[in-house]
Amino acid sequence: MEAATGRAPVLVAHSMGGLAVRAWLDQFGAAARVHHVITIGTPHQGTWLGRFARTTNTREMGLKSAWLTRLQMREATRAIHPYAHFTCFYGNCDHIVFPASNATLVGAVNRHVGATAHVQMAFRDEIVREVWRWLEVPDAPVSMVAESAAKR
C-alpha cells in the first residue's frame, strides 16, 4: 500500500475489527506505519454483552476481560499516545457495545452517531464521508458508496 500510494494506509474497522487493529498495532509496533485508524462501534473498553459470550473472541470483548486489560496496559507504556491517530464512532443506540462510552478512546477523536444500531453504523453517510476525507478523495460519491455497501 505504501509503495503504491506513497503514504501509510488508513485502516477502517467495525466492531471487533477495531480491537484486532489495536492488537496488530501493539504486537508489531506498527502505529508509525498507519496514517489514521477509524473505528466504528468498537468495544474499546469492552461491552456488557461479553458476559454472555461462549467463544474466546467474544469473551475477550467483555468488560475488564484479561485480554483487553493486557492490551490496554501495553498500550499505556508507549512513548507516543497510541490513540492520537484514531477516530472512533459510537452511538447510544448501539445494541452490541454498551455502555456507549466504551466505544471511545481517551486521546482519540470520538464522534457520536445518533439513532443508529450497531451494524447500520458502517453505512452512515457521515462515517463514509469521514473515511473519504482521510483518503483525500474530493467529492466522494457518499450515497453511491453507502448504497453499494448495503447491497453486499
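**Around Cys-88**

Mentor: Bearing in mind that this is a predicted model, and leaving aside neighbours within four places in sequence, Cys-88 is in contact with Thr-39, His-44, Ala-103, Thr-104, Leu-105, Ala-108, Val-109, Asn-110 and Arg-111.

Trainee: Which nonpolar core does Cys-88 belong to?

Mentor: Cys-88 is part of the largest nonpolar core, which has 11 residues in all, including Val-21, Leu-25, Val-37, Tyr-83, Phe-86 and Leu-105. The elements that contribute two or more residues to this core are helix H2 (16-28) and strand E3 (86-90). Apart from it lies another core, of eight residues, among them Val-10, Ile-40, Val-113 and Ile-127.

Trainee: OK, E3 then. How many of its residues are buried?

Mentor: Five of the five residues in E3 are buried, so the strand counts as mostly covered, with buried meaning under 20% relative accessible area. Phe-86, Cys-88 and Tyr-90 point one way from the strand, whereas Thr-87 and Phe-89 point the other way, and all are buried.

Trainee: Which strands pair with E3, and in what sense?

Mentor: Strand E2 (residues 36-40) pairs with E3 in the parallel sense over four bridges, and strand E4 (residues 109-112) also pairs with E3 in the parallel sense over four bridges. To place two of the partners, Val-37 has Phe-86 in E3 as its bridge partner, while Cys-88 has Asn-110 in E4 as its own.

Trainee: Switching to the cysteines: how many disulfides are there?

Mentor: The count comes to zero disulfides, taking a disulfide as a pair of cysteine sulfur atoms within 2.5 Å.

Trainee: And are Cys-88 and Cys-93 buried or partly exposed?

Mentor: Cys-88 counts as buried because its relative accessibility is 0%, whereas Cys-93, at 43% relative accessibility, counts as partly exposed.

Trainee: New topic, helix H5. Which of its residues are buried?

Mentor: In H5, which spans residues 125-135, the buried residues are Ile-127, Val-128, Glu-130 and Val-131. Seen down the axis of H5, these buried residues fall within an arc of 155°, so they line one face of the helix.

Trainee: What follows H5?

Mentor: H5 is followed by Glu-136, whose phi is positive, near 60°.

Definitions and conventions
Residues are numbered from 1 along each chain as its sequence is written. This is a predicted model: local features need pLDDT of at least 70, side-chain atom pairs count only at pLDDT 80 or more; totals for chains, interfaces and linings use all residues. Side-chain values use heavy atoms; hydrogens and water are left out. A nonpolar core is a set of buried Ala, Val, Leu, Ile, Met, Phe, Trp, Tyr and Cys residues joined through side-chain atoms within 4.5 Å. Buried means under 20% relative accessible area, exposed over 50%, partly exposed in between (1.4 Å probe, protein chains only). Contact means heavy atoms within 4.5 Å. The arc is that of the directions from the helix axis to the C-beta atoms. Two strands pair if DSSP finds at least two bridges between them.
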